[in-house]
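Here is a short report on one protein–DNA model. It starts at the DNA and then turns to the protein's own domains.

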Amino acid sequence: MLTPALSATKPRADDLLAWYDRHRRDLPWRAKPGEAADPYRVWLSEIMLQQTTVVAVRPFYLKFLDRFPTVHVLAQAQEEVVMQAWAGLGYYSRARNLHACAKVVVARYSGVFPSTEEELLKLPGIGAYTAAAVAAIAFNEHAAAVDGNVERVMSRIFTIDEPLPKAKVQIKTLTEELVPTDRPGDFAQALMDLGATICSPKRPACALCPWMSPCQAREQGLQETFPKKQKKAEGQLRRGAAFVVLRADDTILLRTRPPKGLLGSMAEPPTSDWDPAYEPSRAVLDAPLEARWQRLPGVVRHVFTHFPLEMTILFAKVPKGTPAPDDMRWTPRLRLYEEALPGVMKKALVHALGDLPPEPAAKAENA
DNA sequence: CAAACGTGGAA
DNA sequence: TTTCCAAGTTT
């Protein structure tokens, strides 16, 4: 009587929501059940979570929210301060767009986020996913937020053979058809929680899945083969040099990178160009100033999304009063934490100086 | 549309 | 150690 083909039933939002009500993750940016969501916090968290794990985001989110509690505070902040708060999280164009977006929301929308997917999509740093996520989660709009989790869940449920990213259009349509009139915000979060905790990339816990029965991939035992993806070419190794200068008054030579491109608007010790053919033995020719340069043993390795980097570190001590070259500055070693130093540049400084002084502990509000 | 764009953690 | 990748957007 029971035919396996029956499993081709449409997944029910109610089954997912019932699971969510029991197993929802408690996250700092997530409103408690029954509470209204704060659009600013939802938006901030969604930007931070782009291509970034919950574990990595959590401390940054808490510190960022403490420093910029409202969209008004953020809009009025200096860009350098915003970049400093983002330093270490990666994908720094997000921080520049975040700041730009805050200014638009304050200037054009009086500090109130627009509530529709369509309007949100116009704002800097907000793309198809984030527009739908904020609309649904913060405003309970009937929007389908399709991120990597949802792509995985949907491609498994419907055994979508088309590889990503081509399958995105189809997945968006399929997801829209499942969004309930009732709780679109919870549905969006439930779907992402499902992808993050049950329908994981490897070893999905199908036995615990509220959508096990309608899942076509599970029925065929092929859940781990979805989603199909086209592979990206891996980048070629680039080499370069970084120049760490310690002045006698315990200051370090830094500069700010151009606003666009790799590590845009972030701080760094002066560096050479990075190129596969770079010759570390000739690095001193690229030095920012005359000094007795010392080539330190070893290299600093770092892996960017699209290429690996090997940096040779040159170190020099210079006398008090040495002027900074054009577009560079001296920063006290004890205040390096105030600089917007990306991870790779922190590595370079640590290689030359040893551990950097820690940031002073934030003052406790209720000590 | 393919490529650029960071980082750190897990298997 | 290698591989994959985590709540994507912009150009």
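This is a predicted model: local features need pLDDT of at least 70, side-chain atom pairs count only at pLDDT 80 or more; totals for chains, interfaces and linings use all residues.

The side chain of Asp147 reaches the sugar part: one of its N or O atoms is 2.4 Å from a sugar or linking oxygen of DNA strand C. Gly148 uses its backbone instead. A polar backbone atom there lies 3.2 Å from a phosphate oxygen of DNA strand C.

Of the DNA strand C atoms that come within 4 Å of the protein, 63% belong to sugar and phosphate.

By class, this surface has 10 nonpolar, nine polar and five charged residues. Two helices, α8 (128-139) and α9 (148-157), each supply at least two of its residues.

## The annotated span

An unreviewed UniProt entry places "domain: HhH-GPD" at residues 48-197. That span is 63% helix and 0% strand. Its end C-alpha atoms lie 19 Å apart.

## Two domains in chain A

Chain A divides into domain 1 (8-225) and domain 2 (238-353). Their C-alpha centres are 37 Å apart. Domain 1 gives nine residues to the contact, and domain 2 gives 14.

Together the two domains bury about 780 Å², with 52% of that area on carbon and sulfur atoms. On the domain 1 side, Gln84, Tyr92 and Arg96 supply 54% of the area buried against domain 2, more than any other three residues.

Definitions and conventions:
Residues are numbered from 1 along each chain as its sequence is written. Chains are lettered from A and ligands numbered from 1 in the order in which they are written. Side-chain values use heavy atoms; hydrogens and water are left out. UniProt positions are given in the numbering used here, feature names are shortened, and annotations may be inferred rather than shown by experiment. Helices (H or I, at least four residues) and strands (E, at least two) are DSSP runs, numbered from the N terminus. A residue is near a molecule or strand if one of its heavy atoms lies within 4 Å of it. A polar contact is a pair of N or O atoms within 3.5 Å; within protein, one must be able to donate a hydrogen and the other to accept it, and residues adjacent in sequence count only if both atoms are side-chain atoms. Ala, Val, Leu, Ile, Met, Phe, Trp, Tyr, Cys and Pro count as nonpolar, Asp, Glu, Lys and Arg as charged, and the others, Gly among them, as polar. Domain bounds come from an automatic or database domain assignment. Contact means heavy atoms within 4.5 Å. Buried area is the accessible area (1.4 Å probe) that two parts lose on being put together, summed over both.
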